[in-house]
Amino acid sequence: MAGRANEDQPGASRQKPAVDEAAYREAIAHFATGVTVITTNVDGEPAGMTASAVASLSLAPVLLLVCISTHLRTHEALENSGRFVVNVLGEEHEELARRFARSQEGKFAEVRLDPSYELPVLADAIAHFICDVKERIPGGDHSIFIGQVTECTHVPGRKPLVYFKSSFGRIDDPDRAALEPYNIGAW
Ligand SMILES: Cc1cc2nc3c(=O)[nH]c(=O)nc-3n(C[C@H](O)[C@H](O)[C@H](O)COP(=O)(O)O)c2cc1C
C-alpha cells in the first residue's frame, strides 16, 4: 500500500542505522570459540588459515560451515579446490594459530602434516574434519562454505585452544568435566 508506515514489513529494520562496527566487534568478542586451521590443496600447494567462525550445521547429511573473508587467499583456494579440512587446535597450539593467522608464503614450513591424507591434515590437531564443498553462500564481506563431512576423527582426552576477547586461552577448571562426552546432554 503506497505511503503506508512499514515498521511491520519484512526488511523494515534495514532502514535503521547500522550498528557501530567497533561496538559489534567488542560484543562479539565475548562469544568464546574454539580455534581451527582450515586447510586445502591447490595445484599441489597447501593453503590454510586460522578460523574461529566454524559451526556444526546438520547431522543428516553431516554438514558443517566455515565463514571466510572473500578477499583472502584461502577463500580463493577453497573455491578452486572444492575441498577443505577443519583442523581443531589443542590448548598448546597457540603458535600454530598465530602462524596461520598471517597472510604470507611458507606458512606450512616445519608444520607436521599427517602423510596418510591427500589434503593437508595437521598432525597435531586434536580433531579434524575432511569436507567436500557443497555450497558457497555470500554473507556480506565473507562467504559461508558449507562442507559435507566425508571423514573425521579426534584424539581422546585432549583440551581445545580457546579464543575469547581477542586472546587465546585454555579451559583450566580441573573440577569441570570438560572432557566428559555429552555431559550437558545431546541435542
Ligand atoms: C583466532 C582467529 C580466528 C580467525 N577466524 C577467522 C574466520 O573465521 N574467518 C576469516 O575469514 N578470518 C579469520 N581470521 C583471520 C585469518 O586467519 C587471517 O586473515 C589469515 O591471514 C588468512 O590467511 P590467508 O590470507 O593466507 O588466506 C582469524 C584470525 C584469528 C587470529
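Me: Which residue in β7 stands opposite Phe84?
Reply: In this predicted model, β6 and β7 pair in the antiparallel sense, and six bridges join them. Within β7, the residue that stands opposite Phe84 is Cys131.

Me: How many of the residues of β6 are buried?
Reply: A residue is counted as buried if 20 or more other C-beta atoms lie within 10 Å of its own. By that criterion β6, which spans residues 83-88, is mostly covered. Of its six residues, the number buried is five.

Me: Over how many bridges do β2 and β6 pair?
Reply: Strand β2 covers residues 36-42, and its pairing with β6 is antiparallel. Thr36 stands opposite Val88 in β6, and Thr39 stands opposite Val85. The number of bridges between β2 and β6 is four.

Me: Which strands are the edge strands of the open sheet of seven strands?
Reply: The order of the open sheet is β3-β2-β6-β7-β8-β5-β4, with antiparallel pairing. From one strand to the next, the twist averages 35°. An edge strand here pairs on one side only, and the two that do so are β3 and β4.

Me: At about what angle to β2 does α2 run?
Reply: Helix α2 comprises residues 73-81. It lies across β2, β3, β5, β6, β7 and β8. Relative to β2, α2 runs at about 55°.

Me: Which elements give two or more residues to the shell around the ligand?
Reply: There are 18 residues around the ligand, and Met49, Ala53, Leu72, Thr74 and Ser103 come nearest. The elements that each supply two or more residues to this shell are β3 (45-51), β5 (62-69) and α2.

Me: How many residues of the shell around the ligand are charged?
Reply: Sorted by class, the shell holds ten nonpolar residues and six polar ones. The number of charged residues in the shell is two.

Me: Which residues form the uncovered face of β9?
Reply: Strand β9 runs from residue 161 to residue 164, and its covered face consists of Leu161 and Tyr163. Gly34 stands opposite Val162 in β9, where β1 and β9 pair in the antiparallel sense over two bridges. The uncovered face is formed by Val162 and Phe164.

Me: Which residue in the turn between β9 and β10 has a positive phi?
Reply: Strand β10 (residues 167-170) pairs with β9 in the antiparallel sense over four bridges, and the bridge partner of Leu161 in β10 is Arg170. The two strands form a hairpin with two residues between them. In that turn, the residue with a positive phi, of about 50°, is Lys165.

Conventions: Residues numbered from 1 in each chain as written. Predicted model: local features only at pLDDT ≥ 70, side-chain atom pairs only at ≥ 80, totals over all residues. Near = placed C-beta within 6 Å. Nonpolar A, V, L, I, M, F, W, Y, C, P; charged D, E, K, R; others polar. Pairing = 2+ DSSP bridges. Axes fitted to C-alpha atoms, helices over the stretch in contact; angles between N-to-C directions. Contact = placed C-beta atoms within 7 Å. Buried ≥ 20, exposed ≤ 12 C-beta atoms within 10 Å, placed from the backbone.
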